Amino acid sequence: MSEQTDIRWMEYALALAQRGAKEGEVPVGAVVVKDREAIGEGWNRPIASHDPTAHAEIVAMRQAAQRLGNYRLTGTTLYVSLEPCLMCAGAMVHARVKRLVFGAYDPKRGALNSTAHVFDAQGLNHRIEVVGGVLQQACAERLQAFFRTRRS
């Protein structure tokens with residue numbers, strides 16, 4: 001994938017994050033891409049759905065799996081505006097996502113670079129290529145603006 005392609009899909013993930021913000025959810029957006037086509041998308045929905053697992057990545061992977069008719073998401077790239085948590089990283093391994101591209105780093109809950117290096121764990125039966133920091137500033141600013149507004 002080219003850097004321009006990654007930027008274009010991250011911009012799409014940011015637009016999805018904004019939909020979450022409008023619903024009062026933490027603004028994180030995700031899109032699953034296969035063969036240059038979006039096959040699943042989502043934004044954080046744990047509050048609205050009363051589901052603690054309804055993170056943007058999980059919502060997008062569920063939709064992609066339904067569309068493919070298979071829980072294995074081989075050959076896919078998952079774009080998400082925030083570094084994934086432990087739960088989402090584990091789901092990506094189980095789904096066999098090929099590549100992950102994320103925007104902002106999450107110093108409190110990020111499980112790939114910030115608090116842990118989950119994908120480097122011994123014994124994993126699948127490895128995911130990771131690119132972090134794509135549109136990092138824009139992704140971080142979206143989150144910061146949301147929390148600034150919430151605090152006031």
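Reader: What makes E3 and E4 paired strands, and how many bridges join them?

Author: Five bridges join E3 to E4, and the two strands run parallel; strands are said to pair if DSSP finds at least two bridges between them, so E3 and E4, with five, qualify. One of these bridges has Leu82 facing its partner Ala104 in E4. The names come from DSSP runs numbered from the N terminus, a helix (H or I) having at least four residues and a strand (E) at least two. This is a predicted model, in which local features need pLDDT of at least 70 and side-chain atom pairs pLDDT 80 or more, while totals for chains, interfaces and linings use all residues. Residues are numbered from 1 along each chain as its sequence is written, and side-chain values use heavy atoms, with hydrogens and water left out.

Reader: Which strands join E1, and in which direction do they run?

Author: E1 (residues 29-34) is joined to E3 (residues 77-82) by four bridges, and these two strands run antiparallel. Six bridges join E1 to E2, and this pair is antiparallel as well. Ala30 stands opposite Val80 in E3, whereas the bridge partner of Gly29 is Trp43 in E2.

Reader: Why is the pairing of the open sheet called mixed, and what is the order of the strands?

Author: The order is E2-E1-E3-E4-E5 in an open sheet of five strands, and its pairing is mixed. In general, the strands of a sheet pair through backbone hydrogen bonds, either parallel or antiparallel.

Reader: What makes E2 and E5 edge strands?

Author: E2 (37-43) and E5 (129-132) each pair on one side only, and that is what the name edge strand records here. From one strand to the next, the twist averages 15°.

Reader: How do you know that H1 packs on the sheet, and which strands does this helix touch?

Author: H1 touches E1, E2, E3 and E4 (99-104), and its direction makes about 55° with that of E3. Contact here means heavy atoms within 4.5 Å, and angles, from 0 to 180 degrees, are taken between N-to-C directions of axes fitted to C-alpha atoms, for helices over the stretch in contact. H3 (residues 56-68) also packs on the sheet, touching E1, E2 and E3, with its direction at about 145° to that of E2.

Reader: Why are H1 and H5 called roughly parallel to each other?

Author: The axes of H1 (residues 3-22) and H5 (residues 136-151) cross at roughly 5° and come within 11 Å. Angles under 35 degrees count as roughly parallel, those over 145 as roughly antiparallel, 65 to 115 as roughly perpendicular and the rest as oblique, and H1 and H5 are therefore roughly parallel. Where they meet, the residues of H1 include Met10 and Leu14, and those of H5 include Arg142 and Phe146.

Reader: What makes the meeting of Arg99 and Asp6 a polar contact?

Author: Their side chains come to 2.7 Å, and a polar contact is a pair of N or O atoms within 3.5 Å, of which, within protein, one must be able to donate a hydrogen and the other to accept it, residues adjacent in sequence counting only if both atoms are side-chain atoms. A second polar contact, of 2.4 Å, joins the side chains of Glu37 and Arg67. Glu37 is in E2 and, at 38%, is partly exposed.

How values were computed
Buried means under 20% relative accessible area, exposed over 50%, partly exposed in between (1.4 Å probe, protein chains only).
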